[in-house]
Amino acid sequence: MSWKLFIDDDCDGARNPAISVEDGGWRRRMNLPSSVPETAYLGDWVLARSADEAIAIVEELGMPSFISFDHDLGDGKDAIAVAHWLIERDMDGAPFPADFAFEVHSGNPIGRANIRGLIDNYLEFKARNAAPGNGP
């Protein structure tokens with residue numbers, strides 16, 4: 001099943017997906033690419049307001065095709081915990097979909113770089129090691 005996940009403790013307020021993912025002006029102000037990612041084909045956003053809620057949703061629905069991350073979540077955890085968990089899940093045999101994409105809509109520049117770097121580095125490592133000739 002293809003679906004999309006929005007992780008933000010204020011997803012019902014000022015940072016809901018219609019503003020943070022789908023609004024070009026907001027994206028420019030947050031130093032995100034101004035082009036809105038094409039996610040309509042994935043249906044409605046599934047909203048998670050905490051790291052624990054995001055993990056529970058993924059456990060129920062499987063890996064999403066697209067995730068938009070906030071970094072600082074109101075439950076005392078941050079979304080990098082979710083990113084680590086997703087990578088562990090992938091390594092344990094529940095892989096990211098082939099079409100997986102993500103962005104970090106957080107206003108926390110260090111948190112944004114940390115999540116982006118973690119996932120990008122993991123996916124690049126995984127792709128390099130899946131290439132012919134790189135196996136055992």
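How many residues does helix α4 have, and how far does α4 reach from its first C-alpha to its last? Helix α4, residues 79-91, has 13 residues and reaches 19 Å, close to the 18 Å expected at 1.5 Å a residue. Bear in mind that this is a predicted model.

Next, the buried side. The buried residues of α4 are Ala79, Ile80, Val82, Ala83, Leu86, Ile87 and Asp90. These residues are on the same side of α4, because they cover an arc of only 155 degrees around the axis. What do they pack against? The partners are strands β1 (4-7) and β3 (66-69), together with helices α3 (51-61) and α5 (109-130). Just after α4 comes Gly93, with a positive phi of about 105 degrees.

Now the pair α3 and α4. Two packed helices are described by the angle between their axes and the distance between the axes. Here the axes come within 10 Å and cross at roughly 25 degrees. Angles under 35 degrees count as roughly parallel, so α3 is roughly parallel to α4. The crossing is right-handed. On the α3 side, the contact is made by Ala51, Ala54, Ile55, Val58 and Glu59. On the α4 side, Val82, Trp85, Leu86 and Arg89 take part. Of these, Val82 and Leu86 are also among the buried residues of α4.

Val104 lies in β4, residues 101-104, and is buried, with a relative accessible area of 0%. Leaving out residues up to four places away in sequence, Val104 touches Leu32, Phe69, Arg112, Ile115 and Arg116. The C-alpha atoms of Val104 and Ile67 are separated by 8.2 Å, and the two residues are 37 residues apart along the chain.

Conventions. Residues numbered from 1 in each chain as written. Predicted model: local features only at pLDDT ≥ 70, side-chain atom pairs only at ≥ 80, totals over all residues. Heavy atoms only, no water. Helix = DSSP H or I, 4+ residues; strand = E, 2+ residues; numbered from the N terminus. Expected span 1.5 Å × (residues − 1). Buried < 20%, exposed > 50% of the residue type's maximum accessible area, 1.4 Å probe, protein only. Arc of directions from axis to C-beta. Contact = heavy atoms within 4.5 Å. Axes fitted to C-alpha atoms, helices over the stretch in contact; angles between N-to-C directions. Parallel < 35°, antiparallel > 145°, perpendicular 65-115°, else oblique. Left-handed = near helix turned anticlockwise from the far one by under 90°.
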